[in-house]
Amino acid sequence: MNSNSIIVSNLTKKFSFSVRNTSSGWLKNLFSPETKEIVAVNDISFSVKHGERIAFIGPNGAGKSTTIKMLTKDRKKLAYQIGTVFGQRSQLLPNLPLTDSLEFFGVMYDMPEKEIKKRIAELVELFDLDSFMTQPVRKLSLGQRMRAEVAASLIHKPKIILLDEPTIGLDVVAKKSLRDLLLKINKEENTTMFLTSHDVGDIESLCDRTIVINHGVVMRDLPTQDLAKTFVYEKYIDLVALSHFNNFPELPEGMSYSSRDKNKITVVVDINKMSVQESLKKLLDLFEVEDIDVYNADLETVIRHIYERDSTSN
Amino acid sequence: MKEIRLATKILKTLVKDRIQYPDKLVVDTIGVIARCGILLILYGYVFKLNDGVINGTTFLFAVWSIFFYFSFSVLRLRDISGEIMRDIQTGNIEVLFSKPISYLSYRMWWQVGSGIYSFVIITIFATLALIFIMGLPSTMTMSIFIPTLILTFICGAILSLFLYSIVGLLSFWIEDINPVFWIVDKAVMILGGSYLPVALFPAFMFKIALWSPFGASQFVTHTVYETWQINWYQLVGIQLFWIVLLGLVVYFMFERAKQKVSVNGG
C-alpha cells in the first residue's frame with residue numbers, strides 16, 4: 001500500500017499577461033499586445049505521507065496558493081478526500097444554526113442521512129460544539145466559528161485537510177485551543193495536514209515538517225525543528241548585570257549588540273566567525289554579570305533569514 | 001440522484017433561512033406592491049382615457065401580464081450575476097470549487113432557493129387579491145393555461161439563469177460587470193413587458209421581444225393573451241432554442257473560466 005497522501009512530481013505553472021507598450025499606439029496595444037510570462041511554480045516535487053503535518057510557507061507571491069490550487073485542480077475526484085479551511089473565508093450558513101451547515105455539507109458530500117447524524121455527533125464531541133450548536137453562525141465568536149469551520153471541513157472524514165491561515169485574527173487562547181484540536185484530529189483520525197500560514201506559532205506547534213517555497217521553487221524541505229539549527233548561524237546571549245552596565249565597549253568581530261540597557265544586554269554571535277565558548281569568554285572579560293542565557297533565534301527570525309537570504313541570492 | 005438531493009437540500013435550507021428571517025419577505029412584498037401597484041394605477045388611467053381598450057387589449061389582460069412579470073421577478077434570478085461576481089472578487093469561488101459539486105448548478109439552485117419562499121407566498125396572496133379585485137380573463141380559465149404557464153415559467157427560469165450567469169461569468173475577464181448587467185437587465189425588463197405590456201408593443205418591437213433571449217425569458221407575460229392559445233408551442237420552442245444555445249455558451253465560458261481560477265495565485 002502506498003504510504004503517501006500526496007505525491008507532486010515536476011509541477012510547473014507559467015502564466016502570461018498583456019503589458020502596455022507605451023511606445024505603441026492604443027490599437028496595437030489592444031489587438032496585438034506584448035505579453036509577459038511569469039513562472040509561478042517551477043518544477044516542484046515533493047511527497048506527503050499519511051498523517052504527516054506539513055507547513056507550506058513562503059513570502060507573499062512565492063507560489064504557495066498556486067501550488068495548492070494546482071494540487072486540487074481535478075477537484076471533483078479529489079474533493080471527497082480533501083477538507084479545506086480558509087481562515088479568512090467562511091463556508092458556513094450565517095443565519096442558521098451550525099447543525100444546518102453540517103447537515104448541508106454532509107449532503108454535499110453525498111453522505112447517507114444516518115451517517116451524517118453519526119458524524120455530527122462525533123464532531124460535536126470532538127470539538128466541544130454542544131454549547132453553541134443551536135445559535136445562528138453569525139452570532140458565534142471568531143474562536144467558536146473557526147472550530148465550527150474546521151468541524152464542517154471534516155464532516156466527510158477527509159484524508160487530507162488544507163488549512164489556509166486557520167488562526168488568523170484569533171486571540172492567544174482561541175489560537176491554542178484550535179491548534180490543540182487540530183493536533184487531536186491528526187492523532188485520532190490520522191488526517192494529513194497541509195498548512196499555509198504566516199503565523200510562526202501555527203508552524204511551530206502544528207507541523208513536524210516545513211517546506212519553504214519562494215519564486216515558485218522549493219527552497220527548503222526539512223523537519224521544522226531543524227530549521228533553526230540548519231539555517232541560522234547566529235546565537236543570542238543575554239547578559240544580566242551584576243549591578244549596572246555603565247559602558248558598552250565595542251565588541252570583537254563576530255559579535256554585535258542586539259539590545260542594551262543598564263540592566264541587560266543581548267548580544268548576537270555569528271557562529272561562523274566565533275564559537276559560543278570563545279564569545280562567552282570575551283563577554284565575561286568585558287562585563288560583570290549575574291546571569292547568562294544562550295539561545296537560538298526564534299522561528300520567526302529563522303524564517304525571515306531564509307526569505308531574506310533567498311531573495312538576495314536570486 | 002445526488003444532484004436532486006443536493007438541490008432539495010439547498011431549497012429546504014434556504015426556505016428555512018427565510019422563514020427564520022422574515023424581513024426579506026416583507027421587503028419583497030413592499031417592492032412588488034410599490035412597483036407593480038404604481039404601474040397598474042397608471043395603466044388603469046391610460047386605458048380609461050382610451051375607453052378601456054388599447055390595441056385590442058383590455059386593462060384586465062394588461063394587469064395579469066404585468067403581474068406575471070413582477071411575480072416572476074420576485075424569484076430574483078437576475079441576482080445570480082452579482083453572486084458570481086462576488087464569488088470571484090472575494091475568492092469564495094475557491095471554497096466552492098473545492099467541493100464535490102458543480103459550481104454553476106449549485107449557484108443556480110441557490111438562487112432559486114433564495115427567492116422561492118417570497119415567490120410562493122407573494123404569488124399566492126397577490127393572485128387571490130387580483131382575482132378578487134379584477135377577476136380572471138377568459139384565457140386563464142382554459143384547460144391549456146395552467147400546464148403551459150408552468151412549462152413556460154420553468155423554461156423562462158432556466159433561460160434567465162443562463163442569461164444572467166453569462167453576465168456573471170464575465171467577471172472572470174472584466175473587473176466590473178455592472179454596465180453589462182444594466183444593459184441586459186433593462187433589455188429583459190423592456191422586452192419582457194414590465195414597463196409596457198407586450199400586447200401594446202409596436203410590430204417590430206414585438207418581433208424583437210419574441211425572438212430575442214431577453215424577451216423569451218419572460219414569455220410568462222404572454223400567457224394571458226388569446227394569441228397564447230394558438231402560439232404557445234412556437235414560443236416554448238423559441239425558449240428551448242435559446243436554452244440550448246445559451247446553455248452551450250455558459251458551458252464553454254465556464255470551462256475557460258475554470259482555467260483562469262487555477263492560474264491566479266492568492
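Two residues are in contact if their C-beta atoms, placed from the backbone, lie within 7 Å. The model is predicted: local features need pLDDT of at least 70, side-chain atom pairs count only at pLDDT 80 or more, and totals for chains, interfaces and linings use all residues. Residues are numbered from 1 along each chain as its sequence is written, with chains lettered from A and ligands numbered from 1 in the order written.

Me: How many residues does chain B bring to the contact with chain A?
Reply: Both chains contribute. Chain A gives 28 residues. Chain B gives 21 residues.

Me: Which element of chain B gives the most to the side that touches chain A?
Reply: Helices here are DSSP runs of H or I, at least four residues, numbered from the N terminus. The elements giving two or more residues are α1, α5 (92–97) and α11 (227–263) of chain B. The top contributor, with 8 residues, is α1(B).

Me: What is the handedness of the crossing of α1(B) and α6(B)?
Reply: Helix α1 (residues 2–20) of chain B packs on helix α6 (residues 103–133) of chain B at about 35°, with axes 8 Å apart. Axes are lines fitted to C-alpha atoms over the stretch in contact, and angles run from 0 to 180 degrees between N-to-C directions. A crossing is right-handed if the near helix is turned clockwise from the far one by less than a right angle, left-handed if anticlockwise. This crossing is right-handed.

Me: Which residues of α6(B) meet α1(B)?
Reply: The α1(B) side includes B:L11 and B:R18. On α6(B) the partners are B:S105, B:W109, B:W110, B:V112, B:G113, B:S114, B:I116, B:Y117 and B:S118.
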